[in-house]
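Here is a short briefing on helix packing. Look at how the helices cross before reading on.

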Amino acid sequence: MFKRKDLLGLAELTPEEINFILDTARPMKQIILRDIKKVPTLRGKSVVNLFYEPSTRTRTSFELAAKYMSADSVNIAASTSSVVKGESLTDTGITLTSMGCDIVVIRHRESGAPAFLARNIPARVINAGDGTHEHPTQALLDLFTMREKKGGIKGLTVTILGDILFSRVARSNIWGLTKLGAKVRVCGPTTLMPRQIEELGVEVYHNIDEALKDADVINVLRIQLERQDKGYFPTTREYSRLFGLTKERLEKAKPDVLVLHPGPMNRGIEIAPEVADGLHSAINEQVTNGVAVRMALLYLLTGGGAIGEAVN
Ligand code: CP
């Protein structure tokens with residue numbers, strides 16, 4: 001069972017809790033695939049998406065997840081809210097709670113902002129990505145996709161490729177994958193590799209061909225172009241030459257390798273278009289699975305009971 005008030009990161013979850021969320025997401029996916037995508041499960045509940053950073057996938061999938069389950073959902077972009085008048089995060093959270101909000105989904109540029117909010121408001125808080133810390137719902141949808149495609153996580157060799165230093169997606173994936181028994185490799189330029197990352201139980205590679213050898217899954221990270229002028233790599237062309245996932249490089253991995261990318265993609269930089277759109281890619285399915293995982297979390301955090309009731 002899932003008894004927590006909030007979902008702040010995968011670092012704090014047990015393997016049993018992670019598997020329970022993934023098990024709950026499976027019937028949720030059936031709802032999304034129906035012609036009429038609506039169940040009354042969360043009728044009377046309200047969800048506020050409070051985003052201090054841009055988002056397409058995460059924000060929209062939380063909004064649709066709430067709507068498919070008949071909850072009321074509202075989006076707040078910090079840039080058009082009273083945050084620009086100087087309102088604090090706590091005051092914003094208390095204001096939302098005073099309106100009857102049950103769950104606040106928050107994305108924030110500062111690591112730890114969702115945990116801070118969770119300590120200061122009675123509403124439940126879901127971390128939709130905080131700084132370089134964690135993006136737990138992205139990792140859960142990645143795990144769900146791997147489990148669906150590969151039949152399980154234990155024993156898989158998963159290569160996470162790209163900007164490990166700034167990637168909250170990488171960190172949440174590392175926590176989730178290692179807890180569920182996968183072998184995790186991280187690969188990227190030395191400048192984009194956090195010090196002592198080995199302590200999280202991963203193998204570090206700087207040569208892409210070695211990192212991809214016999215991999216079951218390759219999770220390609222977005223190269224953060226907004227950091228390009230900071231000197232972490234000389235040019236995007238150079239990055240692409242050394243670390244871009246091409247069709248030729250894919251052949252180093254297992255013949256049935258699964259290719260994932262959290263999006264948004266820089267086609268032709270970290271991933272070749274023919275790989276992104278190729279037979280091994282599950283990038284579009286990841287997006288569908290993201291709605292299912294977020295439905296499961298909204299359901300579990302509002303005290304969801306027997307799963308059969310949730311999908312009828
Ligand atoms: N993967 C992800 O977080 O995408 P968005 O920034 O579009 O939400």
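The crossing of helix 1 and helix 11 is right-handed, meaning that the near helix is turned clockwise from the far one by less than a right angle. This is a predicted model, in which local features need pLDDT of at least 70, side-chain atom pairs count only at pLDDT 80 or more, and totals for chains, interfaces and linings use all residues. Residues are numbered from 1 along each chain as its sequence is written, and side-chain values use heavy atoms, without hydrogens and water.

**Helix 1 with helix 11**
- The axes of helix 1 (residues 15-32) and helix 11 cross at roughly 115 degrees and come within 7 Å.
- Helix 1 and helix 11 are therefore roughly perpendicular (65 to 115 degrees).
- On helix 1, the contact (heavy atoms within 4.5 Å) uses F20, I21, T24, A25, M28, K29, I31 and I32.
- Helix 11 meets them with E285, T288, N289, V291, A292, V293, M295, A296, L297, Y299 and L300.
- This contact has 14 nonpolar, three polar and two charged residues.

**Helix 2 with helix 11**
- Helix 2 (residues 57-68) packs on helix 11 (residues 283-301) at about 55 degrees, with the axes 8 Å apart.
- The crossing of helix 2 and helix 11 is right-handed.
- Helix 2 contributes R57, T58, S61, F62, A65, A66 and Y68 to the contact.
- Helix 11 contributes V287, G290, V291, R294, M295 and L298.
- By class, the contact of helix 2 with helix 11 has eight nonpolar, three polar and two charged residues.

Note on methods. Axes fitted to C-alpha atoms, helices over the stretch in contact; angles between N-to-C directions. Helix = DSSP H or I, 4+ residues; strand = E, 2+ residues; numbered from the N terminus. Nonpolar A, V, L, I, M, F, W, Y, C, P; charged D, E, K, R; others polar. Parallel < 35°, antiparallel > 145°, perpendicular 65-115°, else oblique.
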